[in-house]
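Trainee: I have a model open in my viewer and would like to learn how to read it. Could you walk me through it?

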Amino acid sequence: MTLTPRKNRMPHPRCPLSDCMAFIGGAWTPNILWYLSTGPRRFSELRGDIPLVSAKVLTQRLRELEDHGLLSRRVLESAAPSVEYALTPLGQEFLPVIRAIALVGQKLKDRAVA
């Protein structure tokens with residue numbers, strides 16, 4: 001006897017975890033949030049913090065995070081104009097999660113060495 005699949009006519013509610021991961025699931029996004037947790041950073045500082053990310057991808061991620069409301073972008077008026085990025089209150093709400101992931105990562109790293 002085979003089971004026939006049920007046809008659920010109710011729309012599937014969006015999963016809160018999936019919604020959250022849509023914000024921080026992109027490549028390098030957790031790293032960006034991590035380095036902005038200490039305060040505002042300029043683009044060149046973030047490039048130095050995350051040396052493996054290309055300028056193109058970093059720019060894309062920063063724009064996405066700004067569009068999602070996780071960070072703010074401020075143009076600094078100086079002889080050589082530069083841009084500074086900072087976490088918004090919504091972006092700061094992700095920090096406990098990012099710190100927990102980093103803690104587990106450190107434990108895994110320590111375990112691999114032992």
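Predicted model: local features only at pLDDT ≥ 70, side-chain atom pairs only at ≥ 80, totals over all residues.

Trainee: Which elements make up the secondary structure of the protein chain?

Mentor: There are six helices and three strands. Starting at the N terminus, their order is α-α-β-α-α-β-β-α-α.

Trainee: How many residues does the largest nonpolar core have?

Mentor: The general idea comes first: in soluble globular proteins, nonpolar side chains tend to be buried together. Here the largest nonpolar core has 18 residues, and the ones with the most contacts inside it are Ile32, Leu33, Leu36, Leu62, Leu71 and Tyr85. Two or more residues of this core come from each of α2 (29-36), α4 (55-67), β3 (82-87) and α6 (95-113).

Trainee: Let me pick one of those residues. Which residues does Ile32 touch, leaving out those up to four places away in sequence?

Mentor: Ile32 touches Ile50, Leu58, Arg61, Leu62, Leu65 and Leu71.

Trainee: Now for the helix around Ile32. Which residues of α2 are buried?

Mentor: Thr29, Ile32, Leu33 and Leu36 are the buried residues in α2. Look down the axis of α2 and you will find them within an arc of 95 degrees, so the buried residues line one face of the helix.

Trainee: How do I describe the packing of two helices, and at what angle do α2 and α4 cross?

Mentor: Two packed helices are described by the angle between their axes and the distance between the axes. For α2 and α4, the axes come within 10 Å and cross at roughly 75 degrees. The two helices are therefore roughly perpendicular to each other. On the α2 side, Thr29, Ile32 and Leu33 meet Leu58, Arg61, Leu62 and Leu65 of α4. Sorted by class, this contact has five nonpolar, one polar and one charged residues.

Trainee: Let me try the next pair. At what angle do the axes of α2 and α6 cross?

Mentor: They cross at roughly 105 degrees and come within 10 Å, so α2 and α6 are roughly perpendicular to each other. Pro30, Leu33 and Trp34 of α2 make the contact with Leu95, Ile98, Arg99 and Ala102 of α6. By class, the contact of α2 with α6 has six nonpolar, no polar and one charged residues.

Note on methods: Residues numbered from 1 in each chain as written. Heavy atoms only, no water. Core = buried A, V, L, I, M, F, W, Y, C linked by side-chain atoms within 4.5 Å. Buried < 20%, exposed > 50% of the residue type's maximum accessible area, 1.4 Å probe, protein only. Helix = DSSP H or I, 4+ residues; strand = E, 2+ residues; numbered from the N terminus. Contact = heavy atoms within 4.5 Å. Arc of directions from axis to C-beta. Axes fitted to C-alpha atoms, helices over the stretch in contact; angles between N-to-C directions. Parallel < 35°, antiparallel > 145°, perpendicular 65-115°, else oblique. Nonpolar A, V, L, I, M, F, W, Y, C, P; charged D, E, K, R; others polar.
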